[in-house]
Amino acid sequence: MTHTSDTRGGSATLSKEGLPEWLDPVVSAVETVEPLQLSRFLPPENGAGRESAVLILFGEGEQGPELLLMERAGSLRSHAGQPSFPGGSLDPEDGDPSGDGPLRAALREAEEETGLDPSGVQLFGVLPKLYIPVSGFVVTPVLGWWREPTPVGVVDPNETARVFTVPVADLTDPANRATAVHPRGYAGPAFLVESALVWGFTAGIIDRLLHYAGWERPWDREKQVPLDWRS
C-alpha cells in the first residue's frame, strides 16, 4: 500500500528551525560524526547494495524525549521479530538516492508501517550512509522531530508486530544496557526496553547517537545477552 501524501510534496526537506533545545546535542553530533565513527560497515565502493532509509524519529512523551520503534513480524524472512526504526528500500518515485530520495523514502515507509502523518514530522538531519552486510542494504539514517505527534500503530500485521516509543531515559539507563552476542560471533550493543531486545543495526545507531550527543552513561559492557541462531 503506497500513499501519495505529503511525502511527495515539499516536506522532504531538512530544517533545524524551532527544534527543542534538548535536541541540540543530537543536531551537532549529526553535523560532525564521521562514517567510521558510526560503523565499520560502509557502503561498497563499487556502488553495490540496495538503497534504503530509516526514520530516527524523536518525540516528546510523558517521560521526556523518546524514540519511535517498531517490532518486525516474526514471520518475515529477514530480521524477523527484531525491533527497528521504521524504514525500507527506496522506490523509484522517491527520487534521487543521493538527493532527497532517502528523506522521502524514510517518511513514506514510516507512514506505511506505523500510520504516522508525515506532515507532523520535521526532518533535521541525515547521518552518513551505512551498510548491512547480511541483507545488502545501503541505509541512510534520516533524523526527524515529531513536531505534531499523530496516533501510530500496526498497519500491516504481516510486516509489523507492534509499534512503540522508548523514552531516551530508558535507553541511557545502565540497567537496560548489555552486549548482545550471536552464535556466529557478532557482538554489539543491546538495549532491553519496553519488553524488547533492541540489537544489531538499530542498537548500533542508538548507541552511537547517545555517545556523540553526550547522553551516554557508564554501563557494564561485560553484561551479555545471548542471541539464538534464528536471530
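Alanine 110 has a relative accessibility of 0% and therefore counts as buried, a word that here means under 20% relative accessible area, with exposed meaning over 50% and partly exposed the range in between, for a 1.4 Å probe and protein chains only. Alanine 110 belongs to helix H3, which covers residues 101–114; helices (H or I, at least four residues) and strands (E, at least two) are DSSP runs, numbered from the N terminus. Once the neighbours within four places in sequence are set aside, alanine 110 is in contact with Leu55, Pro86, Gly115 and Leu116, where contact means heavy atoms within 4.5 Å. Glycine 88 lies 22 residues away from alanine 110 along the chain, and the two C-alpha atoms are separated by 8.8 Å.

This is a predicted model, in which local features need pLDDT of at least 70 and side-chain atom pairs count only at pLDDT 80 or more, while totals for chains, interfaces and linings use all residues. Residues are numbered from 1 along each chain as its sequence is written, and side-chain values use heavy atoms, with hydrogens and water left out.

Taken as a whole, the protein chain has 5 helices and 12 strands. Its radius of gyration, taken over C-alpha atoms, is 17 Å, close to the 17 Å that the globule rule (2.2 Å times the number of residues to the power 0.38) gives for 231 residues, so the chain is as compact as a globular protein of that length. The C-alpha trace spans about 45 × 40 × 35 Å along its principal axes, and buried residues account for 49% of the 231 residues. Of the contacts between residues at least 6 apart in sequence, 69% join residues at least 24 apart. The chain exposes about 10900 Å², of which carbon and sulfur atoms supply 50%, the areas coming from the Shrake-Rupley method with a 1.4 Å probe and, for residues, with only the protein chains shown counted as cover.

Valine 33 is placed in the loop between H1 and helix H2 (35–38), and it counts as buried because its relative accessibility is 11%. Not counting residues up to four places away in sequence, valine 33 touches Leu38, Leu127, Pro128 and Tyr212. Valine 33 and proline 128, 95 residues apart in sequence, are 8.2 Å apart in space, C-alpha to C-alpha.

Another loop position, glycine 120, lies between H3 and E5 and, at 4% relative accessibility, counts as buried. Leaving aside neighbours within four places in sequence, its contacts are with Trp145, Trp146, Arg147 and Glu148.

Most residues other than glycine have a negative phi. Glutamate 194 counts as partly exposed at 34% relative accessibility, whereas serine 195, at 75%, counts as exposed.

Lysine 223, finally, is found in the loop between H5 and strand E12 (224–226) and counts as partly exposed at 32% relative accessibility. With residues up to four places away in sequence not counted, lysine 223 touches Pro174, Ala175, Arg177, Ala178 and Thr179. Lysine 223 and valine 181 are 42 residues apart in sequence, and their C-alpha atoms are 10 Å apart in space.
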